[in-house]
Amino acid sequence: MVKWTALALILGFLIDLSAGDPRWLYHPVRVIGNGISFLEKGLRKIFPDTPGGERIAGLFLVILISVFGGGIPLLLLYGAYHVHTGLGLALETFWCYQMIAAKSLKEESMRVYRELEEGNLKGARYAVSMIVGRDTENLTAEGVTKAAVETVAENTSDGVIAPLFYMALGGAPLMFFYKSVNTMDSMVGYKNEKYLNFGRYAAKLDDAVNYLPSRISAWLMIAVSYMGGFDGKNAGKIFFRDRYNHASPNSAQTEAVMAGALHVQLAGDAWYFGRLYEKPTIGDADRPIEYEDIRRANCLLYRSAVLGAFLFAALRMGIMAVIAMC
């Protein structure tokens, strides 16, 4: 089944660019999320409510979600290819399409753009609350814009480049494993009282699986920043200077490139769950950020995604060529 993965990658990517995620179509990430919620409740009942007990429960969650998240798609895909190559290719293409979020990320962020363009700050706050984890009810128009641009930058890696990267390395099953880890971190990887211990291993694993993709994403973004409308040289400069200005070792990689390419300042202090978190800024405030920067951020997203998709398909074909020679 491995010989058709490059084609499935390209086809799935192209379908995502054209169709996005229809709201009526049940998404596999929802299945993963429901599984995480179910296991969390069960594991918390089994293990003691102590820091050590919570860490052990969280470790079991990581193991179970990782095994089932990648293992079930592997078995289903193996069965599909065993029945017929066309069926296997169709299933792998469909899964690739579902696991990539380029168009949906653009559409959700452009909802914020349109509300800001119309001067509807309340609507913009609500629209951006759908795609970020921070508190948004008191954000200014500038704060809303920054939040939207930052999430486009971060999710260029998490939602597009990283899934494609793991698809190229191990097909749809490895891509499912990645999305399972990423979803788990988004649900339990918080540094608050409830999840500081329980979500520790989920957060660590997410940092590990995103280490390479976040940096590959940053370099892809730097490369496409040399095209019209952006400053590739400054993107590289801010990347090297500010790429660790975040508690996560990965999140600032793409945010730094975005800030440099647009000549704006991102990050800084933000409110989460009613608590102010002091964070360093990323980039230089060469000019005030404006809602048009959301559209520009999406342009960088799409350019990086196209370049990444074709490079990863070539990588997959190279892997297959090496395997064939062995």
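This section describes the nonpolar core, selected residues, aromatic pairs and salt bridges of a predicted model. Local features need pLDDT of at least 70 and side-chain atom pairs count only at pLDDT 80 or more, whereas totals for chains, interfaces and linings use all residues. Residues are numbered from 1 along each chain as its sequence is written, and side-chain values use heavy atoms, with hydrogens and water left out.

The largest nonpolar core contains 85 residues. Such a core is a set of buried Ala, Val, Leu, Ile, Met, Phe, Trp, Tyr and Cys residues joined through side-chain atoms within 4.5 Å. Buried denotes under 20% relative accessible area, exposed over 50%, and partly exposed the range in between (1.4 Å probe, protein chains only). The residues with the most contacts inside the core are L9, V112, V128, L164 and M258. Helix α7 (residues 141-188) gives the most to this core, contributing 21 residues. Helices (H or I, at least four residues) and strands (E, at least two) are DSSP runs numbered from the N terminus. With contact defined as heavy atoms within 4.5 Å, L164 touches L9, F13, C96, I100, A305, A309 and F312, residues up to four places away in sequence not being counted. In soluble globular proteins, nonpolar side chains tend to be buried together.

Helix α1 (residues 5-19) includes D16. D16 is buried but has no salt bridge, and K103, the nearest side chain of opposite charge, is 8.3 Å away. For this assignment Lys and Arg count as positive and Asp and Glu as negative, while His and the chain ends are not counted. A salt bridge requires a side-chain nitrogen of Lys or Arg within 4 Å of a carboxyl oxygen of Asp or Glu. The side chain of D16 does reach the backbone nitrogen of K103, at 3.3 Å. Apart from neighbours within four places in sequence, D16 is in contact with Y97, I100, A101, A102 and K103. A19 also lies in helix α1 and counts as partly exposed, at 40% relative accessibility. With residues up to four places away in sequence left out, A19 touches Y97 and K103. The C-alpha atoms of A19 and S217 are separated by 23 Å, the two residues being 198 residues apart along the chain.

R134 is located in the loop between α6 (121-129) and α7. R134 is buried, its relative accessible area being 15%. The side chain of R134 makes a polar contact with that of E150 at 2.6 Å. A polar contact is a pair of N or O atoms within 3.5 Å; within protein, one must be able to donate a hydrogen and the other to accept it, and residues adjacent in sequence count only if both atoms are side-chain atoms. R134 and R275 are 141 residues apart along the chain, and their C-alpha atoms are separated by 9.7 Å.

The count of aromatic pairs comes to 12. Rings of Phe, Tyr and Trp (its six-membered ring) pair if their centres lie within 6.5 Å; planes under 30 degrees apart count as stacked, over 60 as edge-to-face and the rest as tilted. W95 and F176 form an edge-to-face pair, at 5.0 Å centre to centre and 75° between the planes. Because W95 lies in helix α4 (residues 85-99) and F176 in helix α7, this pair ties together parts that are 81 residues apart in sequence. Both W95 and F176 are buried. One aromatic cluster is formed by F165, Y166, Y178 and F312.

The whole structure has 10 salt bridges. One of them joins the side chains of D242 and R241 (2.9 Å, N to O). D242 is buried at 5% relative accessibility, whereas R241 is partly exposed at 41%. R241 also forms a salt bridge with D284, the closest N and O atoms being 2.8 Å apart. D284 lies in the loop between β4 (281-282) and α11 (292-325) and R241 in helix α9 (residues 232-242), so the pair ties together parts that are 43 residues apart in sequence. D284 is partly exposed, with a relative accessible area of 24%.

A further salt bridge connects the side chains of E290 and R296 (2.9 Å, N to O). Salt bridges that share partners join R287, E290, D293 and R296 into one network.
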